[in-house]
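Student: Can you walk me through this one? I'd like the contacts and the criteria behind them.

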There are 2 protein chains.
Amino acid sequence: MATLEEIARLAKVSRSTVSRVINNKPRVSANTRERVWSIIHQTDFHPNVAARTLASRRSHIIGLVMIQPYNVVTSEPFSAELVQHIAATCEETGYHLMLSLVSTSKPNTYGQIVRGGYLDGLIVYYACTDDSFVSRLQREKVPFVLIGHSPQADGIFTADMDNSTGAEAMARHLAGLGYTRIATVTGPAFAMSSRDRLEGFLKGLQACGLECPDRYIQEGDFTEGSAFLAMQHLLSQDPQPEAVFVANDTMAVGAIRAARMAHLRVPEDIAITGFDDTPMAQISEPPLTTVHQSSELLGRKAVEMLIGQLEPDRREGVVKQNVVLPVDLVVRESCGARLRLASREVKRSVKEVNQTERNPFTYCSRTR
Amino acid sequence: MATLEEIARLAKVSRSTVSRVINNKPRVSANTRERVWSIIHQTDFHPNVAARTLASRRSHIIGLVMIQPYNVVTSEPFSAELVQHIAATCEETGYHLMLSLVSTSKPNTYGQIVRGGYLDGLIVYYACTDDSFVSRLQREKVPFVLIGHSPQADGIFTADMDNSTGAEAMARHLAGLGYTRIATVTGPAFAMSSRDRLEGFLKGLQACGLECPDRYIQEGDFTEGSAFLAMQHLLSQDPQPEAVFVANDTMAVGAIRAARMAHLRVPEDIAITGFDDTPMAQISEPPLTTVHQSSELLGRKAVEMLIGQLEPDRREGVVKQNVVLPVDLVVRESCGARLRLASREVKRSVKEVNQTERNPFTYCSRTR
DNA sequence: GTATCTTGCGGGAGCGCTCCCACACGCTGT
DNA sequence: ACAGCGTGTGGGAGCGCTCCCGCAAGATAC
């Protein structure tokens with residue numbers, strides 16, 4: 001494989017000049033520049049990345065760290081899509097993406113990944129609330145962006161979906177339809193997103209003058225099976241809930257299955273809603289009312305924020321440290337209007353609170 | 001960040017000795033070895049990867065190349081899982097994984113990815129039948145493993161699921177249940193796996209003395225929507241098929257939806273089967289009879305085969321060039337026994353052909 | 001006319017490793 | 001006694017780049 005030296009020889013210039021041409025640096029005459037490029041193309045020359053990295057201390061590689069087993073790519077379609085979009089955005093911006101699965105069971109991978117010094121920065125997809133990894137990155141001043149957020153988020157860059165507002169919108173939507181006994185199946189407690197969704201949900205209910213007793217709150221782990229069990233618990237309560245906000249689509253499908261098994265019709269006998277708007281939400285029977293979040297937006301934003309740190313002059317506009325991306329409520333058939341209509345106060349409250357929203361969400365009916 | 005030099009100074013030895021210790025080379029006294037390791041641990045030293053790569057010409061990074069848009073991670077859960085397992089296996093074997101999405105629209109990424117010379121090898125996840133990328137790798141003698149297979153597969157390493165045998169088993173299973181008018185919704189024609197599945201399906205029918213007229217063969221593109229339309233075409237045929245072999249689970253769900261819309265019950269009025277055994281297959285109503293393939297097995301095998309090429313002495317046993325991994329027929333509720341029983345000849349044929357199988361598949365009833 | 005600046009280019013010194021060779025030392029064999 | 005060998009260690013060259021400095025030649029200023 002060719003080297004800079006060789007290209008220089010062929011173009012009858014020096015190594016330095018070839019380097020300047022390749023890196024688009026000034027102080028090369030148009031003539032020389034063209035001659036060098038032509039040789040480069042002829043020989044299909046690509047500079048050796050290792051040498052370049054060693055000399056310049058920039059690898060143009062960013063690492064995507066996913067904590068295992070929580071972020072198992074496959075466990076939720078949203079993660080899979082996210083990876084996809086992060087990879088695509090990297091490719092577009094001239095970076096390469098290194099995929100690192102960090103196991104919570106053997107945390108020694110930190111050194112391997114970070115200290116080798118060939119990653120320009122990291123995107124950390126960190127569902128957990130524990131954050132020794134994150135605080136270490138912060139201490140060692142490694143450039144990184146956290147997907148999600150952290151309790152002590154001062155000084156770190158984060159990009160997150162607005163889980164809280166999404167859940168809040170859903171609670172208000174259900175209240176607005178006239179449901180009063182509204183339960184929830186949450187995600188696992190260690191996940192920040194679970195907490196946010198629960199918090200938003202409760203806040204939304206409260207804004208509508210409704211309450212959610214503890215027995216109406218069941219924890220799942222984002223898998224279909226866990227929701228099946230959680231739902232059975234909810235259905236055994238007296239009185240039974242009229243609507244259930246399930247913290248993701250996969251689990252919502254499990255909840256529907258449990259409802260069916262108890263001979264309940266959805267949405268006539270019980271309303272069930274999801275979160276994520278995965279393809280499954282459309283296919284499910286009935287199609288799920290859910291909260292749409294854009295993995296593309298999140299992925300792009302995260303990469304953009306990281307590159308903003310790495311290349312200050314490439315930064316477009318002001319970069320916020322903590323970005324929260326808007327979500328959309330998507331109304332489908334899995335919850336219908338209650339026969340008994342919502343009380344006047346609730347309606348007013350729904351309307352009112354919606355108007356004073358910081359992160360405005362749009363109601364859109366996406367049916368297939 | 002520390003360097004070898006510094007460690008050497010602290011341990012009162014030379015750079016060379018530290019290097020020998022780190023790389024586990026012989027000719028270092030136990031005493032020195034221990035002293036050096038202790039310093040390394042104390043300082044949390046990790047050798048600079050770029051320098052190492054430059055000097056040794058081995059990066060311990062392998063690239064996973066996925067052709068876009070066909071291999072969109074998200075489009076099928078199987079791909080997402082595969083990526084996951086490849087990444088995990090790399091991590092375990094001391095390699096790192098670089099994720100490269102190659103767009104078919106701008107094929108110039110080849111140089112970027114391969115010619116930079118910092119990838120030890122590639123795993124190419126290449127669903128397409130076109131293979132300019134592959135033949136170029138072969139020409140330039142880049143070590144790689146192809147997931148799937150290629151028409152001119154001589155001299156290249158491939159790992160693939162036994163799509164053909166899986167589809168064949170499914171055809172025989174349906175025939176054995178007494179169905180005679182069996183149709184299929186195929187995957188896109190450009191994908192090798194689509195072709196293999198169709199081929200195996202037809203072969204299986206033939207072995208049972210059944211035929212599949214062209215109008216019973218509809219092409220989909222592995223998405224739910226495409227199968228919905230394809231199924232509507234099939235249902236408009238006269239006579240209607242009694243059973244439909246759909247080339248993946250996602251599409252099978254779409255086919256069921258179309259059947260329902262035509263007021264047909266599954267499996268009573270029409271049997272529908274899938275392929276892949278994704279989580280959806282269990283959740284679907286009714287649960288899908290499908291073909292299980294292990295993304296873990298495939299991912300591990302591919303990495304293993306690549307490392308076998310990169311490090312001949314690490315190779316365990318004989319390495320086959322073209323590995324075909326077995327699949328399992330999984331019987332669930334989406335196809336039942338036909339009222340009219342299978343003819344004696346068909347039964348005999350099913351039994352007979354199953355016994356002479358090269359890649360034995362197991363029948364297992366996985367119900368939830 | 002000399003002094004100063006600009007533009008275009010070349011050469012040298014690294015970046016932090018690996019790998020080869022040299023060399024000192026203790027051991028065995030004749 | 002000395003050659004021959006294996007073992008532990010150090011030093012130098014080099015991997016293929018980038019980046020700094022130096023220098024020639026022309027342009028501009030006084």
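Tutor: First, a polar contact is a pair of N or O atoms within 3.5 Å; within protein, one must be able to donate a hydrogen and the other to accept it, and residues adjacent in sequence count only if both atoms are side-chain atoms. This is a predicted model: local features need pLDDT of at least 70, side-chain atom pairs count only at pLDDT 80 or more, and totals for chains, interfaces and linings use all residues. Residues are numbered from 1 along each chain as its sequence is written, chains are lettered from A and ligands numbered from 1 in the order in which they are written, and side-chain values use heavy atoms, with hydrogens and water left out.

Student: Which atom of DNA strand D does Lys25(A) reach?

Tutor: A phosphate oxygen, 2.8 Å from a polar side-chain atom of Lys25(A). For Arg57(B), the partner is a sugar or linking oxygen, at 2.5 Å.

Student: How many residues surround DNA strand D?

Tutor: 28, counting a residue as near if one of its heavy atoms lies within 4 Å. Ser19(A) and Arg57(B) are among the closest.

Student: Switching to the protein interface. How many salt bridges link chain B and chain A?

Tutor: Six, each a side-chain nitrogen of Lys or Arg within 4 Å of a carboxyl oxygen of Asp or Glu. One of them joins Asp44(A) to Arg136(B), with the closest N and O atoms 2.7 Å apart.

Student: And how many residues of each chain are in contact?

Tutor: 44 of chain B with 44 of chain A, where contact means heavy atoms within 4.5 Å.
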